[in-house]
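Me: I should like to learn how to read the local features of a protein model. Please take me through them one at a time, with the general idea before the case.

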Amino acid sequence: MLVTAADLWEPDPGTIVSWRIAPGPVPPRPVGLSLNQRNHLAAAVAGEPSVWLAATFDVEGPIDVDALEHAFRAVVARHSALQCGAAVVAHEVHGVRHDAASLGWSRVDYGPTVSVDTTRDLVRAELDRACFPLAYPAIWPAAISRADRSTIVLGLDHLHADAYSLVVLVDDLHALYDAAAGGRPAPDLPEAACFVSGLDRPPRRVPAQDDRLAAWHDFLRSREHRLPTFPIPLGVGPGERVAQCTEVAQLADADLTERVGAHSQRHGGTTSSAVLAALATAVDELGGPDTLAVLTPVHTRVTEQERRAVGWYTTTTPVELRAHRDGCLALTEAAAAVATGRAMAAVPLDQVLESASAALVRERADVFMASYLDYRRLPGHGELVGRRAHHVSAPTLADDLQVWISRTDSGLAVRVRLPDTTTARQVVAGLLTGWTTALRDLGVCARAGDAVVTAAASGRRESRPAGP
């Protein structure tokens, strides 16, 4: 899956059609909201722009409009997160769930576009308009129809979904549309968990003496309860936010990624911990600190049903990484740091905030965050390239750096969200160069390690006594 943002996305022109969804006569019922959703909605109430995500993929030939409407309706009925919205009552935000069967659907025909720019601008404007979380449905189902190959688009506010969900939606929508367009019965899709039901369960808690909760408190106290920020100036003053821009880059090809991952495993880590170790090295090379603090999203999907579900199934945990010139030491320490962070992810963030000795201090509106997602483990991953599937995010405002690392069969890629300043662009250019160099260095270290292992194994074979 190609991870990008609307300012870089290049959809070919075509005839655009979409649907508007209206709440039906059945009154919505109250539902719970996760901490992620509550924070997201608080920003919307404060006037922040819509933070939408869009799943796009291609199908052969012009769009069968009736079949696509059938597929969109089925997906909304299948996933409870897409039935949920928010209502502001007495200055407080509450979650509500609409009855999928009673929703009203009306088609909107925009006609043909003539260029990539006009297509992107129209789609982006409609996504900005439709995907606002305080007005249900905060969803924009659409398509760009062409004679040879068309693009299906499902935009939705972040309230409804995380990045993982977009892959689920591509897989479900493709299966449903393909069957309906071919005149076949709806496919028997794998069972999906109900996101809303999960919110209705009593919140998890760990004992007050739990070491993982203590680790959270130690981390926050060590930083005077300040959340991590990118440690190199980005040309944005205190309290200032500017338009964001996006950079995308290939960090490593498939061969290098495999070598680095295997090398990291020998030191107790994973590919993701190795990528973070390389990031810490790159920041250090740019003049940053030798210990890098960053927040990382951690997926909370556990069951097979949750892996087929749409929703915001993530929590957040801190990771502190030390930069080392010794690649083996860097991998070992990064493995331990990531393992500690993943253990801390088991503590509910509500409990962390409630039990902290002081309130969080946010020096910036954004936080320094690094996300890692291995698309090879997600539903329908083998078809994503052939479908030209994209994860397209909304460009908004920025005052800090955030990175999304994706692993596919092609290797490692990254999308960087940064403030649109000359300083930030220069910093990110240096960061990407240093990051790719650090990964190549780990690859060289891996080859040397492989040679030592091979030589040792050969020596053991040569010293083995001869058989009878």
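Reply: Let us begin with exposure: a residue is buried under 20% relative accessible area, exposed over 50%, and partly exposed in between, computed with a 1.4 Å probe on protein chains only. This is a predicted model, in which local features need pLDDT of at least 70 and side-chain atom pairs count only at pLDDT 80 or more, while totals for chains, interfaces and linings use all residues. Residues are numbered from 1 along each chain as its sequence is written, and side-chain values use heavy atoms, with hydrogens and water left out.

Me: Is E224 buried or exposed?

Reply: E224 counts as exposed, because its relative accessibility is 58%. Its place is in the loop between α6 (211-222) and β10 (242-253); helices (H or I, at least four residues) and strands (E, at least two) are DSSP runs, numbered from the N terminus. H225 lies in that loop between α6 and β10 as well, but H225 counts as buried, at 7% relative accessibility.

Me: What should I look for in the backbone of these residues?

Reply: Most residues other than glycine have a negative phi, and most peptide bonds are trans. Here phi of E224 is near 55°, a positive value in a residue other than glycine. Phi of H225 is positive too, near 65°.

Me: Which peptide bond is cis, and what is its omega?

Reply: The bond from Y136 to P137 is cis, with omega near 15°. P137 is placed in the loop between α3 (116-130) and β8 (139-145).

Me: How is the length of a helix checked?

Reply: The expected span is 1.5 Å times one less than the number of residues. For the 18 residues of α10 (residues 327-344) this gives 26 Å, and the end C-alpha atoms are 26 Å apart, so the two values agree.

Me: What caps the N-terminal end of α10?

Reply: The cap is D326, which has a side-chain oxygen 3.0 Å from the backbone nitrogen of C328. For such pairs, a polar contact is a pair of N or O atoms within 3.5 Å; within protein, one must be able to donate a hydrogen and the other to accept it, and residues adjacent in sequence count only if both atoms are side-chain atoms.

Me: Which residues of α10 are buried?

Reply: An α-helix has 3.6 residues a turn, so residues three or four places apart point the same way. In α10 the buried residues are G327, A330, L331, A334, A335, A337, V338, G341 and M344.

Me: At what angle do α2 and α4 pack?

Reply: Helices α2 (residues 65-78) and α4 (residues 163-181) pack at about 140°, with their axes 8 Å apart. They are therefore oblique to each other, and their crossing is right-handed. Residues of α2 including F72 and V75 meet residues of α4, among them L173 and Y177.

Me: What does S50 touch, leaving aside neighbours within four places in sequence?

Reply: S50, in the loop between α1 (35-45) and β4 (52-60), is in contact with D128, C131, F132, D157, A394 and T396. At 8% relative accessibility, S50 counts as buried. A polar atom of its side chain lies 2.3 Å from the backbone oxygen of C131, and a polar contact of 3.4 Å joins the side chains of S50 and D157.

Key: Axes are lines fitted to C-alpha atoms, for helices over the stretch in contact, and angles run from 0 to 180 degrees between N-to-C directions. Angles under 35 degrees count as roughly parallel, over 145 as roughly antiparallel, 65 to 115 as roughly perpendicular and the rest as oblique. A crossing is left-handed if the near helix is turned anticlockwise from the far one by less than a right angle, and right-handed if clockwise. Contact means heavy atoms within 4.5 Å.
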